[in-house]
Amino acid sequence: MADDYLVRIGKLIRDARQHRGWTQTQLAEALGTSQSAVNRIERGNQNISLEMIARIGEALDSEIVSLGYAGPMHLRVVGGRRLSGAIDVKTSKNACVALLCGSLLNKGRTVLRRVARIEEVFRLLEVLNSIGVRTRWINEGVDLEIVPPAQLDMDAIDADAARRTRSIIMFLGPLLHRMDGFKLPYAGGCDLGTRTIEPHMIALRRFGLDITATEGLYHARVERSTVPGRPIVLTERGDTVTENALLAAARHDGVTVIRNASSNYMVQDLCFFLEALGVRVEGIGTTTLTVHGVPTIDVDVDYSPSEDPVEAMSLLAAAVVTESELTIRRVPIEFLEIELAVLEEMGLDHDRSTEYSADNGRTRLVDLTVRPSKLEAPIDKIHPMPFPGLNIDNVPFFAAIAAAAQGQTLIHDWVYDNRAIYLTDLNRLGGRLQLLDPHRVLVEGPTRWRAAEMMCPPALRPAVVVLLAMMAAEGTSVLRNVYVINRGYEELAERLNSVGAQIEIFRDI
């Protein structure tokens with residue numbers, strides 16, 4: 001490489017590092033090198049390989065630094081290994097993205113503790129930064145500080161980042177209080193079939209929000225004279241729908257009653273956060289929420305989101321399919337009790353610690369130890385229900401668990417159009433899954449898993465289920481283009497390796 005080329009690369013790396021709010025020492029730690037080496041790279045005084053460029057791009061979540069040479073991330077999995085030891089559950093992905101959207105309500109400084117460092121969060125940060133919100137990682141990259149501007153610049157929004165996350169839809173609730181009109185790109189995220197925003201609009205129209213959709217954009221107008229005069233009844237007991245209604249109600253100067261509300265984990269975390277902002281919320285954990293809104297929120301707030309029950313279920317499923325003894329620490333037990341009750345009936349051998357409080361002081365946690373078990377297929381079908389029922393995002397993990405059980409299990413994913421179809425990718429690894437219709441799969445177990453090379457399904461939870469099956473399969477498997485997994489899990493491969501898995505991250509250079 002020419003010296004001036006190294007200087008240009010170094011400048012790109014320095015700018016990306018500073019944009020992320022990292023010091024040279026923090027980047028060095030992420031790369032497993034020294035601060036002086038990072039300093040030489042940024043000054044253009046050190047030769048740098050394409051592999052190192054790819055690693056820096058991954059660490060800084062910067063496609064600019066990757067220079068177009070680093071292709072998508074893949075995983076090489078050496079299966080048939082037993083897991084052992086203990087692993088902690090990270091903070092909730094879905095709570096973190098809701099709280100990032102909720103930070104738009106606040107004129108003051110918001111600090112969120114132990115934020116999940118995942119692609120979904122990074123995309124939202126890119127959007128927030130593009131409209132003028134200052135964000136930086138603090139306390140050695142563990143916590144996130146958010147400081148809004150006096151005026152948001154919605155014309156400068158990073159449309160590409162916005163379209164890569166469905167969470168952008170939750171900007172509607174807070175933004176309707178900040179401006180009379182704005183444009184928002186269509187929401188993206190997982191490929192789970194057709195999902196409309198009409199349930200959101202039914203709730204938000206009561207606050208004066210009107211939307212027309214053209215050319216990939218939502219064009220929003222707010223009629224300030226329109227306020228909810230009677231309870232808002234949600235037509236869908238969805239999590240993001242409830243969160244959007246809560247975000248809209250938080251700065252409505254009055255009392256808003258929301259009925260048929262979700263009481264799921266991320267909704268509860270958002271309610272706790274709103275209370276920290278000075279908004280009183282009655283009925284947390286029930287399907288009727290009464291919100292005492294305040295017209296202005298200008299406080300410095302420090303909040304710790306709770307742990308992710310779906311990640312806890314992922315780790316539990318990893319132990320089951322690999323026939324391992326594994327302790328999963330910091331499990332939000334309130335949101336896994338139905339799943340554990342079903343697994344107990346299937347024969348799962350496990351025990352749990354006494355309960356203790358999460359850092360938010362409200363969510364109940366336990367440490368869960370899972371041991372190798374002889375499982376039998378459940379008598380009843382596996383199907384999701386709104387909380388406190390079996391979580392919709394935990395249903396796919398039962399496909400892998402059922403494949404390890406004796407007998408036939410019917411899985412009915414009635415919520416999403418496509419997700420059941422993606423579960424049949426397990427057949428490439430030796431599974432025996434029969435697709436009955438787009439929502440129902442019949443799983444025959446037990447399964448003798450076999451290694452394979454395949455593309456990652458385009459939906460988050462089925463993608464992780466495929467990875468878990470690869471961990472159980474003797475031999476070496478390859479899972480290609482795992483961006484969707486990185487959307488929802490922080491360093492999943494590395495953390496599984498810490499308890500005995502053998503997963504290598506690589507790219508096509």
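Val77 stands opposite Ser477 in β22. The two residues belong to an antiparallel pairing, in which five bridges join strand β1 (residues 73-79) to strand β22 (residues 475-480). Strands here are DSSP runs (E, at least two residues), helices are DSSP runs as well (H or I, at least four residues), and both are numbered from the N terminus. Two strands count as paired if DSSP finds at least two bridges between them. β22 is also joined to strand β21 (residues 453-455), by three bridges, and these two run parallel. In that pairing Met454 stands opposite Leu479 in β22.

The model is predicted: local features need pLDDT of at least 70, side-chain atom pairs count only at pLDDT 80 or more, and totals for chains, interfaces and linings use all residues. Residues are numbered from 1 along each chain as its sequence is written, and side-chain values use heavy atoms, with hydrogens and water left out.

Axes are lines fitted to C-alpha atoms, for helices over the stretch in contact, and angles run from 0 to 180 degrees between N-to-C directions. Contact means heavy atoms within 4.5 Å. β3 (residues 110-112) and β13 run parallel and are joined by three bridges, with Val301 in β13 as the bridge partner of Thr110.

Another open sheet of four strands has the order β9-β10-β12-β11, again with mixed pairing. β9 and β11 (280-282) stand at its edges with a single partner strand each, so one side of each is left without a neighbour in the sheet. β9 and β10 run parallel and are joined by two bridges, and Ile232 stands opposite Ile258 in β10.

Helix α11 lies across β10 and β12, running at about 25 degrees to β12. Its 12 residues should span 16 Å at 1.5 Å a residue, and its end C-alpha atoms are 16 Å apart, which agrees. The expected span is 1.5 Å times one less than the number of residues.

How many of the 12 residues of α11 are buried? The count is 10, so α11 is mostly covered. Buried means under 20% relative accessible area, exposed means over 50%, and partly exposed lies in between (1.4 Å probe, protein chains only). Among the buried residues of α11 are Val241, Leu246 and Ala250. The buried residues pack against several elements, including α6 (93-102), α10 (198-204) and α12 (265-276).

Val291 lies in strand β12 and counts as buried, at 0% relative accessibility. Leaving aside neighbours within four places in sequence, Val291 is in contact with residues including Leu246, Ala249 and Ala250. Val291 and Ala248 are 43 residues apart in sequence and 10.0 Å apart in space, C-alpha to C-alpha.

Glu236 is placed in the loop between β9 (232-233) and α11 (239-250). Glu236 is partly exposed, with a relative accessible area of 40%. Beyond neighbours within four places in sequence, Glu236 is in contact with Pro199, Val241 and Asn260.

**Aromatic rings**

The structure holds four aromatic pairs. Rings of Phe, Tyr and Trp (its six-membered ring) pair if their centres lie within 6.5 Å; planes under 30 degrees apart count as stacked, over 60 as edge-to-face and the rest as tilted.

| Pair | Centre to centre | Angle between planes | Type |
|---|---|---|---|
| Phe122 and Trp137 | 6.5 Å | 80 degrees | edge-to-face |
| Phe335 and Phe387 | 5.0 Å | 45 degrees | tilted |

Phe335 lies in the loop between β14 (326-332) and α14 (337-346) and Phe387 in the loop between β17 (364-371) and α15 (395-403), so this pair ties together parts that are 52 residues apart in sequence. Phe335 and Phe387 are both buried. With Tyr265, they form one aromatic cluster. Phe122 and Trp137 are both buried as well.
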